[in-house]
Amino acid sequence: MKRVDDFRWRLGGRELVPIVIGGMGVDISTAELALEAARLGGVGHISDAMVHTVTDRHFDTKFVKEKLQQYKFNVANPDKSVVRFDLGRIAEATRLHVGHTMERKRGDGLILVNCMEKLSMNAPRETLRVRLAAALDAGIDGITLAAGLHLSSLALIEDHPRFRDAKLGIIVSSLRALQLFLKKSFRTGRLPDYIVVEGPLAGGHLGFGLDWTRHDLASIVAEIRRYLVSEKLDIPLIPAGGIFTGSDAAGFLENGASAVQVATRFTVTRECGLPDEVKQRYFEVTEEGIEVNMISPTGYPMRMLSSSPAIGAGIRPNCEAYGYLLDGSGGCSYIAAYHREMAAHPGARRVPVTDKTCLCTQMRNFDVWTCGHYAYRLKDTSRRREDGGYQLLTVEHVFQDYQFSTDGRIALPEEGKGA
Ligand SMILES: Cc1cc2nc3c(=O)[nH]c(=O)nc-3n(C[C@H](O)[C@H](O)[C@H](O)COP(=O)(O)O)c2cc1C
């Protein structure tokens, strides 16, 4: 049987190892993680989700504090329509985050930015246009359009000087979503350069309903491939979701995929942005400890560890500081859920909110422990330390395990190497 290293694919004039590390929002896929993927000849993603928070954490900026200061008067008001992002500040933060990452890039790979349409930031079109344009200005190799249908996203940047040279891709979970996108993108004369097909076993938000168990990645990929062939469209396909071993990956490549997108196995690497104690929770989780629920205000199901502190936490909405999910009219389904519970418990200082979560605050604090379906197998990818914890891995180790392993095997790290 072949292994991943027997395959290469081309994007942006480069010959690449066919491993793409998916974007993991709010600084879980850090610049360091993405840089390693590029150094090793593959593709890494950073994410532009909550970019103010990310730059405040890594650079000496105070974007979040300034925005909170400006809108502090509104914190008790359930109507958040006055809370607006300053477009200049979004551009500044995006340029910092992307620019600083690209300056440090080494090796033959590429670095892309994952851009979620569902982060509507109380002015969906205007903010998305700035986010996309600023990432291109700052030299990103390409943009992966994620979480949302993105039907007008390409048109937002069609006048940008890099519109034709930067690599632009889309994540879809069905042929229908792809067809809708292609119909729109034909009008800009610009097809996507790659298509990530994300199946129901992925981490993060899912492009399926709660009937996700009725779908499977290989069938969706096959259906999309038949369609592309029939339309004579030659666009690289990149399956994602539940590809846990090098052999799983090689299987997709043998069936015509150009590359695979993977993420969960990298959550337990040193370079991953999750706090180290959270990485241990990922190692320890059992199959029963993972759920798909509807607590994300985006309306999409999300997969996470059932022990995620975000589940049931009834904190006051923090839209004045964050507000990334505000829909353009000052609404977010968490705000409604929170005020419903407050009204039902008059006088209570804190109320549990179980149906929705304040996703911005919880992602900012690394309290949504989102993961792919096979996270319960992470314990089989490392060694137990004497203190009972698991040895953290390195991106290089996991990347090369995908690249070189065969027969469904997973290489354990050298004892003591990693952390
Ligand atoms: C912790 C985590 C966070 C994620 N965040 C995002 C995100 O912000 N945007 C996105 O498009 N996909 C996100 N994903 C999905 C991944 O990019 C990827 O497509 C998918 O998880 C691959 O499946 P695997 O995790 O089974 O390898 C996330 C996945 C994980 C595990």
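Author: Strand 9 and strand 13 (residues 302-305) pair in the antiparallel sense, with two bridges between them. Strands here are DSSP runs of E with at least two residues, helices are runs of H or I with at least four, and both are numbered from the N terminus. Two strands are said to pair if DSSP finds at least two bridges between them. The model is a predicted one, in which local features need pLDDT of at least 70 and side-chain atom pairs count only at pLDDT 80 or more, whereas totals for chains, interfaces and linings use all residues. Residue numbers start from 1 along each chain as its sequence is written.

Within this pairing, histidine 205 has methionine 302 of strand 13 as its bridge partner. The two strands belong to an open, antiparallel sheet of three strands, ordered 9-13-12. Strand 9 (204-205) and strand 12 (290-293) are its edges, each pairing on one side only.

Gly204 comes nearest to the ligand together with Gly22, Gly25, Gly203 and Gly372, out of 30 residues around it. A residue belongs to these surroundings if its C-beta atom, placed from the backbone, lies within 6 Å of the molecule. By class, the shell holds 15 nonpolar residues, 14 polar and one charged. In this count Ala, Val, Leu, Ile, Met, Phe, Trp, Tyr, Cys and Pro are nonpolar, Asp, Glu, Lys and Arg are charged, and the others, Gly among them, are polar. Strand 5 (110-116) and strand 11 each contribute at least two residues to the shell.

Seven of its seven residues are buried, so strand 5 is largely enclosed by the rest of the structure. Buried means that 20 or more other C-beta atoms lie within 10 Å of a residue's own; with 12 or fewer it is exposed, and in between it is partly exposed, the C-beta atoms being placed from the backbone. Leu110, Leu112, Asn114 and Met116 point one way from the strand, while Ile111, Val113 and Cys115 point the other way. On either side strand 5 has a parallel partner: five bridges join it to strand 4 (residues 43-47), and five join it to strand 6 (residues 142-146). Histidine 45 has leucine 112 as its bridge partner, and methionine 116 stands opposite alanine 146 of strand 6. Strand 5, helix 5 (residues 124-137) and strand 6 form a right-handed β-α-β unit; the hand is right if, with the strands pointing away from the viewer, the path from the first strand over the helix to the second runs clockwise.

The loop between strand 5 and helix 5 contains asparagine 122. Asparagine 122 counts as buried because it has 23 C-beta neighbours inside 10 Å. Leaving aside residues up to four places away in sequence, asparagine 122 touches Val83, Arg84, Phe85, Gly323, Leu326, Gly328 and Gly330. A contact requires the C-beta atoms of two residues, placed from the backbone, to lie within 7 Å. The C-alpha atom of asparagine 122 is separated by 10.0 Å from that of cysteine 319, 197 residues apart along the chain.

Strand 8 (residues 194-198) is likewise largely enclosed by the rest of the structure, since five of its five residues are buried. Tyr194, Val196 and Glu198 lie on one face of strand 8, and Ile195 and Val197 on the other. Strand 8 pairs in parallel with strand 7 (residues 167-172) over four bridges, and glycine 169 has tyrosine 194 as its bridge partner. From strand 7 the chain passes through helix 7 (residues 175-186) to strand 8 in a right-handed β-α-β crossover. Strand 8 also pairs in parallel with strand 10 (residues 237-240), again over four bridges, where valine 197 has proline 239 as its partner.

Helix 13 (residues 395-404) is mostly covered, with seven of its ten residues buried: Val395, His397, Val398, Phe399, Asp401, Tyr402 and Gln403.

These elements belong to a chain with 13 helices and 13 strands, in which 50% of the 419 residues count as buried.
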